[in-house]
Amino acid sequence: MNTTKCQILLKAVELGSITRAAEALGYTQSAVSRAVADLEREWDVALLTRNRSGTVLTSQGEALLPYLQALCNAGRELETQVAALHGLTRGTLRVGTFASASIQLLPAIMKEFMGLYPGIRFELLCCWEFAQVEDLIRRGQADCGFLGLPVGPDLETFPLFRDQLMAILPPDHPLSQAPFYPMARFAEDPFIRVPEDRDVEFGRIFQQAGVRPNLHYTVNDDFAIQAMVEQGLGVSIQPELILQNSGHRFAAIPLEQPHFRDLVLAVRRGRAPSVLTARFVDCVRRWIGQAHPSGV
């Protein structure tokens, strides 16, 4: 069967909204609604309903979900194998990623890859947390993904580079030119953090240092944090990768005890990646080797 309608349904479930699914897929809202309605009519089941959280699967939809995912994954694998037969002149590569990789790494990597294989399309699956990217790879919804270590044993990883965590300060902060930011100072300066469920690493940093930060704000957006720091509202911690060419004015200095995150590209372990995925992994590692010669 044609998997397009199933893919539309899964996107609506993933994003929790018919409207957002339409925007993500480049369809009109009515086209997405019609695709879901067609499936419901063909199968004589109710698939979606609305609640306070948005658009969700009905109990009948939940029962069909693993089969829908398997069908779409099989369609993707078939498309990939056909692409391989045509010398990678067609196909779609689904890449799980997080904000800073999406902005600082992927555009240039995609440009290089598409220069080699111009018929390939990309679907970027952007997540807030590494755990979400892992889950996409495990379920076969992403062919590969950018992550930070550690990862589960069911994923195979390819090291990329080490990304240092930096203290970001207002430009006129008295320590803006210091060689490092003392951990004890986090107990004094107003601290701006991301939600705890987004990055537990920061909590471990403070726990190891025996410091309770002077928490003033919780913000679910890296660039909003940078804008707040620029206006002198507080200090924060961010990975060096997200600070590049941000457009905001702030000082970035290392922490008193340096901390890093090791970035990797991951695929599902236990099965050989498709030719398309393997070529992309090679392209990423080659590009990273040129842009970050020191590696991990």
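This is a predicted model: local features need pLDDT of at least 70, side-chain atom pairs count only at pLDDT 80 or more; totals for chains, interfaces and linings use all residues.
Start with the whole chain. The protein has 296 residues, and 46% of them count as buried. Its secondary structure comes to eleven helices and eleven strands. Along the principal axes, the C-alpha atoms fill a box of roughly 65 × 45 × 35 Å. Contacts reach across the sequence. Among those between residues at least 6 apart, 71% join residues at least 24 apart.

Now take helix α1, residues 4–15. Twelve residues at 1.5 Å each should span 16 Å. The end C-alpha atoms of α1 are 17 Å apart, which agrees with that expectation. Several residues of α1 are buried: Cys6, Ile8, Leu9, Leu10, Lys11 and Ala12. Note that Lys11 is in this buried group. Just after the helix comes Gly16, with a positive phi of about 70°.

What does α1 pack against? Two packed helices are described by the angle between their axes and the distance between the axes. One partner of α1 is helix α3, residues 29–43. The angle between α1 and α3 is about 115°, and their axes lie 9 Å apart. Angles of 65 to 115 degrees count as roughly perpendicular, and α1 and α3 are therefore roughly perpendicular to each other. The crossing of α1 past α3 is left-handed. On the α1 side, the contact uses Lys5, Cys6, Ile8 and Leu9. On the α3 side, it uses Val32, Ala35, Val36, Asp38, Leu39, Glu42 and Trp43. By class, the residues of this contact are eight nonpolar, no polar and three charged.

An α-helix has 3.6 residues a turn, so residues three or four places apart point the same way.

A second pair lies further along the chain. Helix α6 covers residues 106–116, and helix α11 covers residues 275–291. They pack at an angle of about 125°, with their axes 10 Å apart. That angle makes α6 oblique to α11. Here the crossing is right-handed. From α6 come Leu106, Ala108, Ile109, Glu112, Phe113 and Leu116. They meet Leu276, Arg279, Phe280, Cys283, Val284, Arg286 and Trp287 in α11. This contact has ten nonpolar, no polar and three charged residues.

Next, look past the end of α3. Asp44 is found in the loop between α3 and β1. Its phi is near 55°, a positive value in a residue other than glycine. Most residues other than glycine have a negative phi, and most peptide bonds are trans. Asp44 is exposed, with a relative accessible area of 69%.

Leaving aside neighbours within four places in sequence, Arg50 is in contact with Ile18 and Thr55. Ser17 is 33 residues from Arg50 along the chain, yet their C-alpha atoms are separated by 9.0 Å.

In the loop between β5 (144–148) and β6 (155–169) sits Pro150. A cis peptide bond joins Leu149 to Pro150, with omega about 0°. Asn245 lies in the loop between α10 (240–243) and β10 (251–254). Asn245 is not a glycine, but its phi is positive, about 50°. At 76% relative accessibility, Asn245 counts as exposed.

Terms used
Residues are numbered from 1 along each chain as its sequence is written. Side-chain values use heavy atoms; hydrogens and water are left out. Helices (H or I, at least four residues) and strands (E, at least two) are DSSP runs, numbered from the N terminus. The expected span of a helix is 1.5 Å times one less than its number of residues. Buried means under 20% relative accessible area, exposed over 50%, partly exposed in between (1.4 Å probe, protein chains only). Axes are lines fitted to C-alpha atoms, for helices over the stretch in contact, and angles run from 0 to 180 degrees between N-to-C directions. Angles under 35 degrees count as roughly parallel, over 145 as roughly antiparallel, 65 to 115 as roughly perpendicular and the rest as oblique. A crossing is left-handed if the near helix is turned anticlockwise from the far one by less than a right angle, and right-handed if clockwise. Contact means heavy atoms within 4.5 Å. Ala, Val, Leu, Ile, Met, Phe, Trp, Tyr, Cys and Pro count as nonpolar, Asp, Glu, Lys and Arg as charged, and the others, Gly among them, as polar.
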